[in-house]
Amino acid sequence: MVEGNGKKIQEGKVDEKRRMAIKIAGLAALLSTIDFAVFDKEEFKKMLKKVGLDDILNVAEAREGLGHYEERAKKKEEELKNLCMAAADKICSEKGFASADCLLAKKKCSKITVKATPPDPNKRYAMALDLDKCIGCRRCEYACVMENNTLRNAGMDWIHIYEMDREGLSDLEGARDDYTVAPKKGKVYVPVACMHCENPPCTMVCPVKATWKEKDGIVVVDYDKCIGCKYCVVACPYGARRFNLFPPKLDPLDLNPNMHILGNIPRPVHVVEKCTWCVQRTRDGGVPACVEACPVGARVFGDLKDPNSPIRRVIEEYGVFVLKPEAGTNPRFFYFFSGAKTPRKEGGGK
Amino acid sequence: MAERGGKGTLYEAVETFIYVFREGLKGSRAYKMFLLGLGVMAAYGIYLWVFVQHAPIFLGSDKGGLYMTGVNEDVPWGLYISFFTLWVGIAASAVIFSFIGYVFGDKDFKKIIPFAEAQAVIALIITIWGIVANLGRPERALVRLPRFENLRSMLDWDFFVIMTYMTLNAIMYLYTVHRYRKGLAIPWNAIVVYMIISSPFAIGIHTVTAFIFHALTARPALNSALLAPRFIATAFASGPALLLLVLYILEKYTKEFTVPLRVYRITLNVIAISLTTGLFFTLAEAHEAFWYTTEPLKRHQLEATFYGGVINIVTFLMWLWIALGTAAVLLSMVPSMRRSKGSIAYIAALTFIAVFAEKTLATVIPGFIINPMNVPATYHITPMEVFVGIGIHATLLILYAILVKAYFYTLRVKGGDVV
Amino acid sequence: MRNSGKILAAIVLITIITSLSITVQPVSASSQQNPQSLYPCSTCHQRLKVNADINYSWYHGVDLRSGAHKGLMCSNCHNPESAMMELRGNISLAILGVHNRSQLMADNLLCAQCHAKIYKDYLLGAHGNRTFDCPNGQAIEVKGYKGVKWVYHICDDYTKLKQKPARACVECHNPHDPTYYAISILPPPEGRVPPPDESSITYGGIAVLVTGLVLIAASHFVYKKEHMG
């Protein structure tokens, strides 16, 4: 070996080789510096984590790693509390520390909770909507924006309400969502949000498994995994998914204090979000905000596996149908006609 | 391995790599001005992408974001994804030249195969860049996409085949340059291995790209099993057309380099046949939509595409494709047009513009033109998208120029006869 | 006819009082200024019995000659002996605007006498809204999206929520005219914010494009010059 090296030095070949090696090393060093400057260290650490064969082959529903989410939820909670407290301090220094505004702001901040409630496998949520009752007033849409910390005035509303001809309901003829007068005669108002399909095309197409169907039937998005390719937006037959085109600009004091890590935490820029049936409320026994806000009681939410649930009552008493059955997605959002019609007049209102 | 004189394979690869860039950047004043012109556009495009459009990601700033492009929830995929569909087809066509050159053993074609390989490489980089520019979170994708977490997603498969085909072509290009530089011919077994792997992947990149779109019931205009064949047909028209244009320009600006007329003619035949097939597929789709289909959304989407009124640029591009495509097919049958390289290059240019019109917005947008809830969508191409797109193309044209120049230099100086 | 003067005076007085009581909101009824305590219904109805055969009362503003309850008589629901006693179980009826929600819930049974199916729907949560309680909870009303009011549930613990019906029957349906009329609709939400002014990008881009193209064109002429001249 030594001899061989000696020979090469004499031949003058090693110099060239070494120069080349130094060049490569320099290039590699430069690239790795850029790498470290550009990329998130946490992400990089995750990348270094070993990827088992299971991770690659497990193409069914994503596993719900509970501890993992709880950890993240705690972290997020702290972060949001700090943000909120900073905003509250600003108000306090302006209006005095004993002022009502200051106290309310501080109280709100202290109540901020980010949960990671796991799904209950014995439940299967579903929602139904009475098209005879719905008057298209958009109160569910507005409630949803507030409850879910959606960006205001950015076209991000999760619920869209489409006005359709009563006879054109099956092929969505004449649908529009920018009506200003309702309820009109001969029209039906169809609120559309995520249908939480049994066979969701959106989760099938996600290249990084950032969205999946949980065991209780709710389709969720992990905002920290989403790469923002918008493939799921393309795949959704109901146009229910929204993409955060804007950097988040929400006042931390406007936040809904009840949050879920897979639900209504403020979303980062450039990720996909959608209706989660208010996972922060429903998993803990509450009802979604749209169900609570509906002024005509058109929305019904419940557990399909519970024989005494509202949703079972609706299915047995009135019968239900779904939108776009030809898409084959088997939605868990049903529509029905109860027969008790809210009066529709030309010009709307009483 | 033994014939490389004891040096490592990696060492040789790096040496060839450096050689390519050294020789590719050398050149006359005119060549450098040409590169500078492209460089200015490239720099502006990259600046816009990194510092304005994706500033919230790369710089963490509050300004900027994808809202500066024309995409919205109704049209989530816009101009960038259009480039993806166009260039993935151009990349696929490298296999045509490899087939005629390596498998059928045509000497004239064998000489221009590295041009096709270089074209495939840059086309695939544009493709990937097009996806990345449209991605919300490129930094996450960089970490997560190579893991292939969801093998049911066609995007993962597409990433896999594109990456493989790009690597394969890059290696083959470098290997060819390396061999010719040493005055050696390419060994038969290398060609066999390359052909066996690359042929399915060449079809694969484009097929899988079509599979991304075609299985979506949400977008009936794209939900057609004809999409993949349609993609392949126009791909085999646009790729050779672009290569013919490059060869023609190369011949014009260099004295020593000549390509025989028969190469032009054979390629023109390929173009004409592919174009005819592509036009036929467009007719077949239109027939299905306007004659029979009872699916309202499909009908509405194709009506909006062909008759206009919603996103008019799509209608314009659709008819431009039909008009120019037909013109190119008809012209290619005129005997006098087949006699000179100039007129064949003219037909190639027509073909490229026609396929550009069809494969960009006129392929992608019809699926979004009426949204799934039957509401017409809006989409405006913004200056941001246009200039970032120009920047991406300019960057890769520089790379293309470098690769072409390096191979050309090798051919001229070292091993013009080995092929 | 005997005490017409007295009755007239009483009517005027009651009219004033009831018109005041109308302004009281059902939610904010803190029962401190309960109009019933000022002038209880029984003051009149101790002596005035309900006429079993009428379906129209000008004084109460009740007209059963039209509307969804057309055909009913006052005595179908009100006990003729004591008007504000419920017919069914002799429970005192609660009045919207006077009594609180839990008291109003007692009225539901009266409605259930006829509307058994809807009442079952209601019990199971398929008719009317549902809301929830949380331990030590409180509902804060805030000005929400676009100034529309919105109620936050402020709880100590968000993990133990209890569902309950949001409203009693009479909160949505006026018992004397039970049709639920449509209420006002809210304006369509703003669509996507238009993209910012990109004119600087356009001008910069055009400048760059022109520079680049000029350079490329110039390279052609430089080439021509080198090789011709």
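How do the axes of helix 11 of chain B and helix 13 of chain B cross, and within what distance do they come? The views below show a predicted model, in which local features need pLDDT of at least 70, side-chain atom pairs count only at pLDDT 80 or more, and totals for chains, interfaces and linings use all residues. Residues are numbered from 1 along each chain as its sequence is written, and chains are lettered from A in the order in which they are written.

**View 1. Helix 11 (residues 261-292) and helix 13 (residues 312-333) of chain B.** The axes come within 9 Å and cross at roughly 140 degrees (axes are lines fitted to C-alpha atoms over the stretch in contact; angles run from 0 to 180 degrees between N-to-C directions). Contacts (C-beta atoms, placed from the backbone, within 7 Å) include B:L268, B:I271 and B:L275 on helix 11, and B:I322 and B:V329 on helix 13. The contact residues divide into eight nonpolar, six polar and no charged.

**View 2. Strand 4 (residues 187-192) of chain A.** Six of its six residues are buried (20 or more other C-beta atoms within 10 Å of its own). A:K187, A:Y189 and A:P191 point one way; A:V188, A:V190 and A:V192 point the other way. Strand 3 (residues 160-165) of chain A pairs with strand 4 in the antiparallel sense, over six bridges (pairing needs at least two DSSP bridges). A:P191 is the bridge partner of A:I161.

**View 3. The contact between chain A and chain B.** Chain B gives 41 residues and chain A 48 residues. Helix 7 of chain B gives the most to its side, with five residues.

Technical notes:
Contact = placed C-beta atoms within 7 Å. Helix = DSSP H or I, 4+ residues; strand = E, 2+ residues; numbered from the N terminus. Nonpolar A, V, L, I, M, F, W, Y, C, P; charged D, E, K, R; others polar. Buried ≥ 20, exposed ≤ 12 C-beta atoms within 10 Å, placed from the backbone.
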